[in-house]
Amino acid sequence: MSEQISKDNQIKDGPTLSEILRNNQRWASETKERDPAFFERSATQQHPKYLWIGCSDSRVPVSQITGTAPGEVFVHRNVANIVQAEDPSCQSVLEFAVLGLQVEHIVICGHYKCGGVHAAIQGTATGKVASWIKGIAQLYASKRKSLEKLPDEARLKALCELNVGMQLASLASSPSVQQVWSQGRALDLHGLIYDLETGLLKDLGMSLRGPQDLAADLL
Ligand SMILES: [Zn+2]
């Protein structure tokens, strides 16, 4: 009970809703001042080159860390940047991005200190989250022998990176990606990781440009 009370009394970071609405008005008028046709264009079309699949974590804001503008990145985020064949939300985003918008690149972006990955190591998740991250817990179990030799922080980092690889393999085997590749259309898949402590993205060197790149060790 006391834990519950202290949780409820936590002071949250961030603006009030009225401040958010005021910020929005300021952003809209500054954007229009800089580029008078911006919203007219934005309202009628989008031609993003990228689909970004990342974690829901509030500390990994796609546009800010990539310097991209509205219209440039189509986004899907969930706990621990997971791509599951049976998840209609992620799979429909993916289908629309590659078949409708015809994006040319898909990024899976994990991040160090990911709470979802950490919970998979600790076995502490409950409810919906526990079943959502089951695949990462299984990945951890399968690599446990080598990962357990690492100190805690390095182990979590390693599993965050391995998780990106596993999700990339899942992405590559999805019907939408397979369809595009079978048509010979260019579609590159990339695995990145974001470091909360430095603000830097790292390319994990796992890029796949077609079924021929789908190495067995990603699976
Ligand atoms: Zn995360």
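Which residues in α8 meet which residues in α9? In this predicted model, the α8 side of the contact consists of I136, L139, Y140, K143 and L147, and the α9 side of R155, A158, L159, L162, N163 and M166. By type, the residues of this contact divide into 8 nonpolar, 1 polar and 2 charged.

The geometry of the pair comes next. Two packed helices are described by the angle between their axes and the distance between the axes. Helix α8 covers residues 134-147 and helix α9 residues 152-172; they pack at an angle of about 130°, and their axes are 11 Å apart. That angle makes α8 oblique to α9, because angles from 65 to 115 degrees count as roughly perpendicular and those over 145 as roughly antiparallel. The crossing of α8 and α9 is right-handed.

The largest share, 10 residues, comes from α9. This core has 46 residues, and the members that touch the most others are L51, V107, V117, L168 and L171. In soluble globular proteins, nonpolar side chains tend to be buried together.

Not counting residues up to four places away in sequence, V117 touches A80, I136, L156, L159, C160 and N163. Among these, I136 belongs to the α8 side of the helix contact, and L159 and N163 belong to the α9 side.

V83 lies in the loop between β2 (73-78) and α5. Is V83 buried or exposed? V83 is buried, because 25 other C-beta atoms lie within 10 Å, and 20 or more are required for that class. V83 and L168 are 85 residues apart along the chain, yet their C-alpha atoms are separated by 7.9 Å.

H105 is placed in strand β3. H105 has 16 other C-beta atoms within 10 Å and is therefore partly exposed, since a residue counts as exposed at 12 or fewer and as buried at 20 or more. Leaving aside neighbours within four places in sequence, H105 is in contact with K49, Y50, D188 and H190. From H105 to Q167 the separation is 62 residues in sequence and 15 Å in space, C-alpha to C-alpha.

Key. Residues are numbered from 1 along each chain as its sequence is written. This is a predicted model: local features need pLDDT of at least 70, side-chain atom pairs count only at pLDDT 80 or more; totals for chains, interfaces and linings use all residues. Axes are lines fitted to C-alpha atoms, for helices over the stretch in contact, and angles run from 0 to 180 degrees between N-to-C directions. Helices (H or I, at least four residues) and strands (E, at least two) are DSSP runs, numbered from the N terminus. Angles under 35 degrees count as roughly parallel, over 145 as roughly antiparallel, 65 to 115 as roughly perpendicular and the rest as oblique. A crossing is left-handed if the near helix is turned anticlockwise from the far one by less than a right angle, and right-handed if clockwise. Two residues are in contact if their C-beta atoms, placed from the backbone, lie within 7 Å. Ala, Val, Leu, Ile, Met, Phe, Trp, Tyr, Cys and Pro count as nonpolar, Asp, Glu, Lys and Arg as charged, and the others, Gly among them, as polar. A nonpolar core is a set of buried Ala, Val, Leu, Ile, Met, Phe, Trp, Tyr and Cys residues joined through C-beta atoms within 7 Å.
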